[in-house]
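Hi,

Here is the structure I said I would pass on. Have a look at it first, and then read my notes below.

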Amino acid sequence: MEITGGCLCRAARYRINAAPIVTRVCWCRLCQYIGAGSATVNTCFASDALVVSGELRDYRSIADSGNVMHRRFCPTCGTHVFSAADARPHRIFVRSGTLDDREIVKPAVTIWSSQAPSWACVDGRIPCLEGQAPPAG
Ligand SMILES: [Zn+2]
Ligand SMILES: [Zn+2]
């Protein structure tokens with residue numbers, strides 16, 4: 001299967017020749033900046049199945065766990081497209097809103113609910129974890 005997507009201005013595009021592994025809703029504090037007050041929705045893929053065209057800028061940070069994290073975004077329109085951890089180079093997380101067809105994924109779990117504001121809308125139909133989920137393979 002080929003999955004396609006990209007940023008709002010279409011300067012950055014990607015193709016993925018692999019099935020999604022898992023989709024999670026993340027309420028960590030950092031995601032609330034990216035999500036403009038909401039959670040982010042992220043779909044995990046095998047990173048070797050990903051081909052990217054166009055320029056992305058990388059915001060690098062150190063997570064509380066000590067992991068070096070990369071958050072890649074389009075420098076023209078600002079859309080966040082990917083996140084990745086140096087400790088897990090075989091996995092790439094795609095911001096699910098950048099998928100051309102968002103119906104191919106479905107969140108399985110909410111994570112980092114402990115960092116969500118009191119007014120957050122957390123989906124009661126799926127499991128909810130206060131912190132990080134176990135690694136997806
Ligand atoms: Zn763009
Ligand atoms: Zn997060």
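**The zinc sites**

Let me start with Cys74, which is buried at a relative accessible area of 1%; buried means under 20%, exposed over 50% and partly exposed in between, with a 1.4 Å probe and protein chains only. Before going on: this is a predicted model, where local features need pLDDT of at least 70 and side-chain atom pairs count only at pLDDT 80 or more, while totals for chains, interfaces and linings use all residues. Residues are numbered from 1 along each chain as its sequence is written, chains are lettered from A and ligands numbered from 1 in the order in which they are written, and side-chain values use heavy atoms, leaving out hydrogens and water.

Donors here are N, O and S atoms within 2.8 Å of the metal (3.2 Å for Na, K and Ca); water is not among the atoms, so sites may look incomplete. Cys77 is partly exposed, at 26%.

The zinc ion (ligand 2) is held by SG of Cys26, Cys28 and Cys31, at 2.1 to 2.3 Å, with the spacing C-x1-C-x2-C. Cys26 is buried at 7%, and Cys28 is buried at 12%.

**Strand 3**

Cys26 also belongs to strand 3 (residues 22-26), where five of five residues are buried. Strands are DSSP runs of E, at least two residues long, numbered from the N terminus. Val22, Arg24 and Cys26 point one way, and Thr23 and Val25 the other.

Strand 3 pairs with strand 4 (residues 40-46) in the antiparallel sense over five bridges; pairing takes at least two DSSP bridges. Cys26 has Thr40 as its bridge partner there. Strand 3 also runs parallel to strand 10 (residues 109-111), with three bridges, and Val25 stands opposite Thr110.

**One aromatic pair**

Which rings pair up? Tyr14 and Phe82, with centres 5.3 Å apart and planes at 55°, so the pair is tilted. Rings of Phe, Tyr and Trp (its six-membered ring) pair if their centres lie within 6.5 Å; planes under 30 degrees apart are stacked, over 60 edge-to-face and the rest tilted. Tyr14 is in strand 2 and Phe82 in strand 8, so the pair ties together parts 68 residues apart in sequence.

Best wishes

Definitions and conventions
Helix = DSSP H or I, 4+ residues; strand = E, 2+ residues; numbered from the N terminus.
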